[in-house]
Amino acid sequence: MPRVGGKKLYKLIKPQLEEAQIKLGRDGLFDYLRTHGLLVPPIKSFIKTTHSKHWMKSSPNLLKVHKASAPEQVFVSDITYLKSSQGIHYLSLVTDAYSRKIMGYELSNEMETSDVKKALTRAINNRVYQNLAIHHSDRGLQYCAYDYKAKLFNNGILSSMTDGYDCYQNALAERVNGILKQEFLIYDCNTIHELRQLVQESIQIYNEKRPHLSLGMKTPEQVHKKIQEPKRLDLIRCIRSSGSMLSTIKSRKVAVMLVRQFTPCSVLISKAVRSCSAYTCQKAKVLTTGYQC
C-alpha cells in the first residue's frame, strides 16, 4: 500500500514501533514524513465517463429514504478510467455501501452495458447474504439499459439513481474510485493484461488489508463478515418513495418487472398496489416471486 496515508500508516506500524520501544506519535510521524518529502500530493485528472443525456428511463433516488445499516443492503456502482501504453481503459466497480467492500469489478476497453453487467454479475456471485438490496448509481446510459435493470430485478435488487447532476449523490462510489487510483493503481502498465492483474491485486489488498477511518480502522472484509444476520431492507419505504415512477410505466414488460421488484411476497402485494397506477395494479394482483421478505 504505497500511498495509504499517514493516519492509516501509523495505525499499521504502531505495533512494530511499540515492540521496538520507539516513541513516535501520529503527529511526529507526519513531521518525519514531511521533513523527508514523503507526503504524497493528490493526483488530479478528469475524463468524463457518464453519459446521462439519453432517452432511457432512470430510477428514483431510494437512498433519500434508506441508508445502509448492514452489509449488502445497498450497493453503489460507478465507472472510472485507467491508462496503459495501449490507451484508455474503463473500470466498472460495484461496492457494498456499508462495509466499503468491492464486491465486483470489470476492466474493459469500452463502456458497454455488457462490460458493466459483468461487474454486477461478479458482485451477485460474491454475495454472502441473500436478502433484498438496493443498487445505486448515476444516470449513466449503461445503468439505465434494459439488460442491466433486468439483471437487477431478476436477483431481487432495487434500482436507484441520482436525481440530478450532483456527484455527491454517489459520493461513496466516487471515493472508492479515488482510493484505488491514488493509492494502488499508480504503476505504469504496458498492456491491458498487465493492468488487469494490477487491478485484481489492488482490490484484494483494498478489501483485506487497507483500514478505513469510517469503519473504525477495520478493513472492509472484517466489517462485511462481522454481521451474520443483517437487517432486512425496509421495502415498504422504498415502495412508497418509488410510487411516482411506477405510475408512469407504460410498457407491459417493464411494469411486470417493476411490480415483481416491489412485491417480493404476497404479504406486500396489497401495500404495493396502493403505490401503483391502475394499469400496474392489475399485474400486481397476480404476480409473486420467490424472494423472502
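Tutor: Here is a walk through the sheet, then the helices over it, then the salt bridges.

A word on ground rules: this is a predicted model, where local features need pLDDT of at least 70 and side-chain atom pairs count only at pLDDT 80 or more, while totals for chains, interfaces and linings use all residues. Residues are numbered from 1 along each chain as its sequence is written, and side-chain values use heavy atoms, with hydrogens and water left out.

For the overall setting, the protein chain has 13 helices and 5 strands (DSSP runs numbered from the N terminus, helices being H or I of at least four residues and strands E of at least two). Of its 293 residues, 49% count as buried, where buried means under 20% relative accessible area, exposed over 50% and partly exposed in between, with a 1.4 Å probe and protein chains only. Take contacts (heavy atoms within 4.5 Å) between residues at least 6 apart in sequence: 68% of them join residues at least 24 apart.

Now the sheet. It is open, has 5 strands in the order E3-E2-E1-E4-E5, and its pairing is mixed; two strands pair if DSSP finds at least two bridges between them. Strand E3 (102–108) and strand E5 (157–161) are at the edges with a single partner strand each, so one side of each has no neighbour in the sheet. From one strand to the next the twist averages 25 degrees. Further in, strand E1 (residues 74–84) pairs with strand E4 (residues 133–137) in the parallel sense, over 3 bridges, and Val74 stands opposite Ile134 in E4.

Next, the helices. Helix H3 (residues 113–125) lies across E1, strand E2 (87–96), E3, E4 and E5, and runs at about 155 degrees to E3. Axes here are lines fitted to C-alpha atoms, for helices over the stretch in contact, and angles run from 0 to 180 degrees between N-to-C directions. The buried residues of H3 are Thr113, Asp115, Val116, Ala119, Leu120, Ala123 and Ile124. Its length checks out too: at 1.5 Å a residue, the 13 residues of H3 should span 18 Å, and its end C-alpha atoms are 18 Å apart (the expected span being 1.5 Å times one less than the number of residues). Helix H6 (residues 171–184) lies across E1, E2 and E3, running at about 35 degrees to E1.

That leaves the salt bridges, each a side-chain nitrogen of Lys or Arg within 4 Å of a carboxyl oxygen of Asp or Glu. The count comes to 5. One of them joins Arg127 and Glu72 at 3.2 Å, N to O. Arg127 is in the loop between H3 and E4 and Glu72 in the loop between helix H2 (26–35) and E1, so this pair, 55 residues apart, links distant parts of the chain. Both Arg127 and Glu72 are buried.

Another pairs Glu221 with Lys101, their closest N and O atoms being 3.2 Å apart. Here Glu221 belongs to helix H8 (residues 220–226) and Lys101 to the loop between E2 and E3, 120 residues apart. Glu221 and Lys101 are both buried. Glu221 also meets Lys225 in a salt bridge (3.4 Å, N to O), and these two both lie in H8, 4 residues apart, about one turn of the helix. Lys225 counts as exposed because its relative accessibility is 52%, whereas Glu221, at 16%, counts as buried. Through shared partners, the salt bridges join Lys101, Glu221 and Lys225 into one network.
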